[in-house]
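Hi everyone, thanks for coming. I'd like to walk you through one model today, so please have a look at the picture first.

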There are 2 protein chains.
Amino acid sequence: MENLLAHRSIRVYKNKPVDQQLINEILEAGIRASNTGNMQVYSIVISTLPELIERLAPCHFNQPASKAPVQLTFCVDFNRFTKWCKQRKAEPSYDNFLAFFTGATDALLAAQNVCIAAESKGLGICYLGTTVYNAEKIIEILELPTGVVPIVTLVMGYPDEQPGLTDRLPLEAVVHNETYHDYSEDAINRLYAEKESSSLTKELLEINKKETLAQIFTDNRYSKKLFVDVSRTYLEVLKKQGFMNQ
Amino acid sequence: MENLLAHRSIRVYKNKPVDQQLINEILEAGIRASNTGNMQVYSIVISTLPELIERLAPCHFNQPASKAPVQLTFCVDFNRFTKWCKQRKAEPSYDNFLAFFTGATDALLAAQNVCIAAESKGLGICYLGTTVYNAEKIIEILELPTGVVPIVTLVMGYPDEQPGLTDRLPLEAVVHNETYHDYSEDAINRLYAEKESSSLTKELLEINKKETLAQIFTDNRYSKKLFVDVSRTYLEVLKKQGFMNQ
């Protein structure tokens, strides 16, 4: 519990490798996460070779965390399960969107278990959501076959920074009792007030020369062009890797 | 770490409510999970009213776990974020597939944190993947507006059973070193050998009158008809809730 509450993403790591035995212990805890029908339809590609990390870094826009010594690319994987079915006189039909989403769900639950196990062992972690943005290039570098799609990268290593806790919206902003209760204009103002008045927000507004924090999201960080482009390319990747036959 | 390794899904619960204060503590730990750009684009609907649980149960095929006293439906939620943007002179464009997948990723990482927090407090949990199968009905019951899609349900309560640990494939089956290494016929045979020779598998083969375990998946549990039907209906739901404009 204390570990969960103390989570910080770490973006700068010591130049110190992580012992293979420790990585395995962490992964053993990772794969204990719940998964759909115990099919385990995901794979984890661990990359630690410097030349491989260097090739992957541009896929993550060379952000500082992309230089971490251990990189785990979590993938939907129906390749292994489908091969098993075919070798066992069974007819698999996992080339559709539900198969993709099932694998993605399982992979993400395992990823979060890995994150918590790693932190409990004194390692730092950071998720790279950019995996989805440049999935095609990652597929090429990691040699992912049909039936396999990368969905998120979790990097880890020994922390070389001690960032503070990031803010969260108050619990009532994300929780609904019994059924969904839509937000009034007043409720939005109230729930975002603390975030908007923080010193971090003031700093961001100055750096980005924007009037509101929301504009930093819509204009700079998560623009329409980015979201439309990635939506299209990622759906193309799902098709190419064999997950859009429904 | 020990908690992660000891995880079991609990499907039968005591008829004992869970204290609201404890639920809140668990959720506070849940929302500390990493999320994309700290947008927190998800919502959690907590249902505990018996009449609501009764209405939701058929969406989960009335499986035993669907009777649990606390039901958390995790949803992608760009409704709140979009409303905030509009109130702040920003132009949001989160009506596309990347928005959906971003919210789903954040929601699933939070869900797994909730799971771990709940187990550390002596509660049992079970994921219901059926949320995706009957998303449209759940949207109606929980009154989810445009921009909100249910992706998974996590039920919890005080355990009234003590199931054994379920098996997992050996770690080497799901982990790839540096790049992906495809599976030979021999590798598949070796990696699935333990699972296939278990007493649970023998029991399942007898009950289902099947020759191989794989056939139980392809013919009974996760059939082509189910996967194609749900792929189509869930993509329709994504469209209807406003996530397919790219």
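This is a predicted model: local features need pLDDT of at least 70, side-chain atom pairs count only at pLDDT 80 or more; totals for chains, interfaces and linings use all residues.

Residues are numbered from 1 along each chain as its sequence is written, and chains are lettered from A and ligands numbered from 1 in the order in which they are written.

A residue is buried if 20 or more other C-beta atoms lie within 10 Å of its own, exposed if 12 or fewer, and partly exposed in between, with C-beta atoms placed from the backbone. A:E178 has 15 other C-beta atoms within 10 Å, so A:E178 is partly exposed. You'll find A:E178 in the loop between β5 (175-177) and α9 (185-196) of chain A; helices (H or I, at least four residues) and strands (E, at least two) are DSSP runs, numbered from the N terminus. Most residues other than glycine have a negative phi.

Chain B has a case of its own. Phi of B:E143 is near 60°, again positive in a residue other than glycine. B:E143 sits in the loop between α7 (135-142) and β4 (148-157) of chain B, and with 14 other C-beta atoms within 10 Å, B:E143 is partly exposed.

Now for chain A as a whole. Chain A has 12 helices and 5 strands, and its C-alpha atoms fill a box of roughly 60 × 45 × 35 Å along the principal axes. Of its 246 residues, 48% count as buried. Two residues are in contact if their C-beta atoms, placed from the backbone, lie within 7 Å. Among contacts in chain A between residues at least 6 apart in sequence, 80% join residues at least 24 apart.

Helix α10 (residues 199-208) and helix α11 (residues 213-221) of chain A pack at about 50°, with axes 9 Å apart. Axes are lines fitted to C-alpha atoms, for helices over the stretch in contact, and angles run from 0 to 180 degrees between N-to-C directions. Under 35 degrees counts as roughly parallel, over 145 as roughly antiparallel, 65 to 115 as roughly perpendicular and the rest as oblique. That is why α10(A) and α11(A) are oblique to each other. Their contact is made by A:T201, A:L204, A:L205 and A:N208 of α10(A), and A:L213, A:I216 and A:N220 of α11(A).

And how do the chains meet? The contact takes 94 residues from chain B and 94 residues from chain A. On the chain B side, helix α5 (residues 97-120) gives the largest share, 12 residues.

Last stop, a glycine. B:G129 lies in the loop between β3 (124-128) and α6 (130-133) of chain B. Not counting residues up to four places away in sequence, B:G129 touches A:T36, A:T105 and B:V152. B:G129 is partly exposed, with 19 other C-beta atoms within 10 Å.

Thanks, and over to you!
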